[in-house]
Amino acid sequence: MAEKFDVIVVGAGPAGTSCAYTLAKAGVNVLLLERGEYPGSKNVMGGVLYRKMMEDIIPGFYKEAPVERPIVEQRFMMLDKESALTFSYKGLEWGREPYNNFTVLRAKFDQWFADQAVRQGALLVNETVVLECIVEDGRVVGVRTDRPDGDVYADVVVLADGVNSLLAKSLGFHKEFRPDEVALAVMEVLKLDKKTIEDRFNLEADQGCTIEIFGDATKGILGTAWLYTNKDSLNIGVGTMLSGLIKHKLKPYELLEYVKQHPLIRPYIQGSEQQEYLAHLIPEGGYRSMPKIVGSGVLVVGDAAQLVNAIHREGSNMAMTSGVLAAEAILAAKEAGDFSEKALDSYRVNLMNSFVGQDLQKYKDATHHFEKFPHYFEEYIPLLTRAASQMFTVDGSSKWDKQKKIWRDLGSPGKKFKIARDIYNAWKVMK
Amino acid sequence: MLHIVACIKQVPDTKVIKMNPKTNTMDRSSAPAILNPYDAHAVEEAVRLKKRYGGTVSVLTMGPPPAVKAIKKCIEIGADEGYMITDRAFAGADTLATSYALTKALEKISAIKPIDLIICGKMTIDGDTGQVGPGIARRLDIPPLTSVKKVVEINRERGYALIHRKLEDGYEVVQSALPCLLSVEKEINEVPYSPLPNMIRAARYQPTIWSVDDLEGVDRSQLGLKGSPTIVAKVWPPEKPKGGEMLEGEPAEQVARLMDILLAKRELFRVKGVER
């Protein structure tokens with residue numbers, strides 16, 4: 001006779017573990033299934049973990065969790081072939097409690113987080129793949145795994161199976177995602193001496209820095225590259241929309257190699273040793289790509305629900321919040337003894353009213369807009385770096401002359417009008 | 001009903017481990033801890049025998065607290081109970097001290113439920129000695145049967161085990177009195193993908209944990225570093241074979257050249273049924 005739990009959570013990433021933790025803490029009998037050898041073994045992100053949402057779940061987590069460095073500086077680099085315009089904010093208030101965010105290595109962090117859920121009483125089973133949801137009378141009543149005697153039942157199944165959720169797809173919650181709804185990120189962890197990192201990035205001991213790189217790093221395709229500091233390693237990666245890679249016939253690892261060899265990036269990583277290579281899809285379709293996230297006896301959270309804010313590189317925090325909100329909806333449903341779609345719908349309502357839903361709505365057109373008009377990256381970034389070079393190169397011509405030249409370089413009146421229109425449109429999708 | 005005990009160990013995965021270039025010792029922190037692969041076969045064999053004859057499978061390990069994970073792995077394979085002895089007093093043990101500590105724990109398990117058969121893996125992948133199994137058998141004064149590649153029969157009523165021992169050229173059929181100790185080869189079985197109910201049971205399972213104080217009549221001078229007469233005088237990496245000939249050029253050219261060389265040195269090969 002197959003066992004029945006109150007809740008089965010599929011996937012021990014930030015969303016699934018947050019959900020399982022919250023449920024277990026409330027005394028719910030929860031089974032957390034993970035396909036990897038251990039939680040985190042198959043999970044990838046650029047490396048920034050936001051403090052707030054994690055702390056909503058485990059106050060003061062950073063005192064025990066394996067975090068790498070608190071970030072005190074965030075740089076944004078608009079990169080051309082051999083020039084860059086960089087904007088940065090450094091604030092030492094981020095270097096002390098309550099902190100803003102941390103770099104983490106997912107293989108370590110996710111394992112720790114799942115351990116905390118286990119301590120609360122969640123049952124974690126690794127190396128087990130869920131093949132499908134068991135549906136009876138239009139209601140999800142359990143899951144079928146790839147193991148012998150692999151059926152297991154529950155009142156509610158939470159799908160936290162990540163981007164391209166095959167389980168949500170097989171329930172008809174979404175279609176196969178299009179290449180312009182997902183980004184492909186590739187990343188390397190580069191081992192580098194602690195002291196060298198601190199010198200190169202102008203950091204005190206145990207402070208961290210993140211650099212987001214736009215423009216030439218992605219050869220003009222919509223996307224970003226990043227370079228983050230861990231304790232004694234760097235995360236360097238590049239993520240671009242899948243559609244862009246297909247259109248430009250680029251291979252992702254070639255793009256990463258290009259970033260690593262870029263004359264403005266190379267000095268940061270010189271002398272480091274490649275430790276890991278990771279690749280993953282990121283759901284970046286935003287609000288318009290969100291699937292159905294509530295069904296009878298089933299909820300969808302995290303990447304599986306396309307909860308990523310590509311503009312602000314947020315995802316794991318949204319995943320955590322969705323996991324907690326799902327757990328709360330389940331607790332309420334349990335109280336009422338009703339696990340129908342209607343009873344669980346409070347999850348969707350609360351999610352859309354939270355910062356997660358609000359931010360997704362705010363940027364609902366952003367990715368699609370920049371995807372459609374690649375000249376923001378291809379043309380305007382070089383235009384900016386050229387203007388900066390013009391203005392700051394001392395060559396005997398007056399600053400008025402320089403301004404005139406920069407203005408002339410923008411092109412014909414028609415061209416200038418187009419730029420103005422593009423700036424307005426960009427503001428419109430971002431406001 | 002048989003009571004079979006498998007002795008197991010958590011080891012660093014030597015497939016990925018890094019060596020300290022100065023001391024030539026293993027950097028244990030550089031590799032994930034796994035159940036010693038030979039021991040997985042030992043547990044699997046115990047589980048198969050349980051299915052065949054009925055009974056109970058217990059596993060026993062000595063190690064630091066995280067070794068609970070290795071016991072859970074055995075529960076996944078199908079073991080019923082797990083026992084762990086953990087204490088600072090056991091630290092630094094060589095094979096002599098390890099077999100002494102495990103024997104004391106086996107005596108305690110036997111007092112709870114008499115043991116009919118003990119199964120060990122052939123050796124651990126971190127120590128490679130294969131001495132602990134026979135060491136336990138000697139201390140318990142039961143027959144040690146090493147290099148076991150097949151268990152033909154366990155007959156509890158008539159008190160014997162019939163097994164095949166692997167030899168360099170063939171195998172040996174041995175009948176032994178029970179209880180006895182088997183240390184098994186990898187080829188004895190294949191460890192299948194564990195069923196989900198076992199996985200769930202393992203996730204819940206908490207083994208019985210004993211410290212040195214729980215072992216009755218233990219002679220502390222025979223434990224841990226104190227009880228270990230082994231001296232590691234020197235450790236060095238195996239020498240890489242020197243010489244040889246590197247082939248260069250296109251793959252097709254390399255293959256042609258290699259074939260010429262192999263044909264010229266055909267005395268190196270014994271090919272059945274081919275007359276030259």
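Start in chain B and select B:Pro179, which sits in the loop between strand 11 (170-177) and strand 12 (180-184). Keep in mind as you click around that this is a predicted model.

Next, hop over to chain A. Which residue does a cis peptide bond join to A:Pro98? Select A:Glu97: the bond between A:Glu97 and A:Pro98 is cis, and its omega is about 5°.

Now for some backbone angles. Most residues other than glycine have a negative phi, and the next two stops go the other way.

Stay in chain A and pick A:Glu127, in the loop between strand 7 (123-125) and strand 8 (130-136). A:Glu127 isn't a glycine, yet its phi is positive, about 50°. Is A:Glu127 buried, exposed or partly exposed? Partly exposed, because 17 other C-beta atoms lie within 10 Å, a count between the 12 or fewer of an exposed residue and the 20 or more of a buried one.

Last stop: A:Gln306. Look for A:Gln306 in the loop between strand 17 (298-300) and helix 9 (316-336) of chain A. Here too phi is positive in a residue other than glycine, near 65°. Show the surroundings of A:Gln306 and you'll see why this residue counts as buried: there are 29 C-beta neighbours inside 10 Å.

Terms used:
Residues are numbered from 1 along each chain as its sequence is written. Chains are lettered from A and ligands numbered from 1 in the order in which they are written. This is a predicted model: local features need pLDDT of at least 70, side-chain atom pairs count only at pLDDT 80 or more; totals for chains, interfaces and linings use all residues. Helices (H or I, at least four residues) and strands (E, at least two) are DSSP runs, numbered from the N terminus.
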